[in-house]
Amino acid sequence: SRRRHTRYGTVTGVQTCALPISEEMRDVDLNDKRLNERMRDILDQLGGRPTSSIPAACGGYTEMMAAYRFFDNPKVGFEEVLRPHVEATGRRIAQQPVVILAQDTTEVDLTRPKQQVNGAGPMDGDKRRGVFLHPLMGFTPDGTPLGTVSAKVWARVDESPTPKSERDSKRKQTPIEEKESVRWLEMLYEARLQAERFPETQFVLVADSESDIYEVLQEAQREPQKLQWIVRACQNRAVQNDEETAEKHIREQLLQQKVLFTQTIKVRGRDAKVGCETRGRKQPRQSRTAEVAVRAKSVTLRAPRRPDRKLKDITVNVIIVTEIDPPDGDTPIEWILLTNLPIQTVEQVRTAIQYYCTRWMIEVFFRTLKSGCRVEERRFETLERFLPCLATYLIVTWRTLFVCRLGREFPDISCEAVFEPAEWKSVYHVVRKTPPQIGRAHV
C-alpha cells in the first residue's frame, strides 16, 4: 500500500524516521494525480535497483515506457521532482539540534561517443559535454545525511575560444552576480532562510576552498548572524597588522600563534587529475598517518578592490591545521579555515574542525550518485528529459546513503525504521527461501 504513516523513534539519542516512498513523496504536486502516482512508482523502482539501467529497474516494457514518458512530460521538471524531497528534508532537519549544511559543485558528464545530448554544454573546451550540479545538503554532525535543502543545475553556453589573458581580464571586471560563482551566495541565502525557518536548530554552513570569495565572506558576516559558517581558505589573504606580529597575511600571522593541541590523523593518498596541476591542495600525496598542529586566531581581513563596488574590512576567526614533519617530497597537510564559530577554547576549536570534516560527506554523496547510481550513464536525447531523472536520482542517492549509514552506525536497529513490513518480509522470503520468523528484524 502507498498510504503509510510516518513513524518516529529514537536510537541511541539520534532521532530517525521511517522512509517509505509515500512519506518522502507526501508533498508531491505535479498538477496531475496520475503523474503524482507515477512519480512514486518510478522512485520506488529506481530506488530498489539504483545501479541498474532504467529499463532493468522498471522490470518491463510497459513500466519502462511509462517512466520515459514521465521524464518527457512538460509538467515534470528538475525543481518539481525535487520539491517534495526538499520538504521531507525540512521535517528531518526540524528534529535535529545541530545541522551541517554542506554545499559543493560537481560535474555531470554526459559526453556520448556519437550523438551528444541536446542542451548539454561544454565542460572543458570542446572535449566533454554535460551540466554542473551544485546542491546544498543537510547532515548531522556525525555525517548522517538528512537530504537536499536546495540544488542548482546549469549548462554552460558555447562560446568562441578567447586568449587566457582576455578571459582573466573579463572575469576581474565582471560582478559576482553575473558569474557562476554567484551560486555560493545563493546557497548562503538559502542556508540563512533555513536558520530563520528552524530557529531551534543550530545551522553551520560549510564549503570548500572554491567558495573563498570575499563577497561571500562579507555577506556571511552581515548582521544579525543567525547562521554559522566555515570556509576553507584557498588564498593567503592580506590582513591588518596587530600588536602581536608584523606579518601581513593570514598564514604567517597564524603560524606565529602558539599550538593549541596536536593530533594524529589518517591521510588518504590521491593522484593528480592532470599533469599540469600546480595548486598545492590538488597535488598527489601518499596514504599515511600524520601528526598535525592546530592554532587559532581572530584576524581582520583587508578588503580587495572591485571595479563595481566598495568592499569593507571584516573580522573573522581562523583555524590553521599544519602537518608536523611531513615526508620528504610529499605535499604537507594544511588547512586554513575561516569561520564565525567561537574559538576561545580548545574544545570550541575541536568542534569547528569536526564540523568542517563533515563536509566530506557531500563528496561521498557525489561518488554514490555517479558510481553507485550511475546517473551519468542514463541515456536521454535532450537535457530537458535528463534533468527530472537527475532529480530523481538525487533522492535515490540520499536514501541509499541514509540506509547504509543506519546499518553501519546502528546495526541493531529494526529495518522497519526504513522499510514497511510488506517490503522487508518479501525480500526476506526471497533471500532466505522461508517465511520471516517472528521477532525483531534488522537492517
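This is a predicted model: local features need pLDDT of at least 70, side-chain atom pairs count only at pLDDT 80 or more; totals for chains, interfaces and linings use all residues.
**Close-up 1. The aromatic pair of Phe 132 and Trp 154.** By the ring-centre rule, the count for the model comes to nine aromatic pairs. One of these joins Phe 132 and Trp 154 in a stacked arrangement, with 5.7 Å from centre to centre and 20 degrees between the planes. Phe 132 lies in strand β6 (residues 129-139) and Trp 154 in strand β7 (residues 145-154), so the pair ties together parts of the chain that are 22 residues apart in sequence. Phe 132 is buried at a relative accessible area of 5%, and Trp 154, at 15%, also counts as buried. The pair formed by Phe 380 and Phe 386 is instead edge-to-face, with 6.3 Å between the centres and 65 degrees between the planes.

**Close-up 2. Charged side chains over aromatic rings.** The charged end of Lys 152 sits over the ring of Trp 154, at 5.7 Å from the ring centre. Elsewhere, Arg 350 lies over the face of Phe 261, with a distance of 4.0 Å to the centre of that ring.

**Overview. The chain from which the close-ups are taken.** The protein chain has 13 helices and 13 strands, and 48% of its 443 residues count as buried. Among contacts between residues at least 6 apart in sequence, 68% join residues at least 24 apart.

Conventions:
Residues are numbered from 1 along each chain as its sequence is written. Side-chain values use heavy atoms; hydrogens and water are left out. Helices (H or I, at least four residues) and strands (E, at least two) are DSSP runs, numbered from the N terminus. Buried means under 20% relative accessible area, exposed over 50%, partly exposed in between (1.4 Å probe, protein chains only). Contact means heavy atoms within 4.5 Å. Rings of Phe, Tyr and Trp (its six-membered ring) pair if their centres lie within 6.5 Å; planes under 30 degrees apart count as stacked, over 60 as edge-to-face and the rest as tilted. A charge sits over a ring if NZ of Lys or CZ of Arg is within 6 Å of the ring centre and within 35 degrees of the ring normal.
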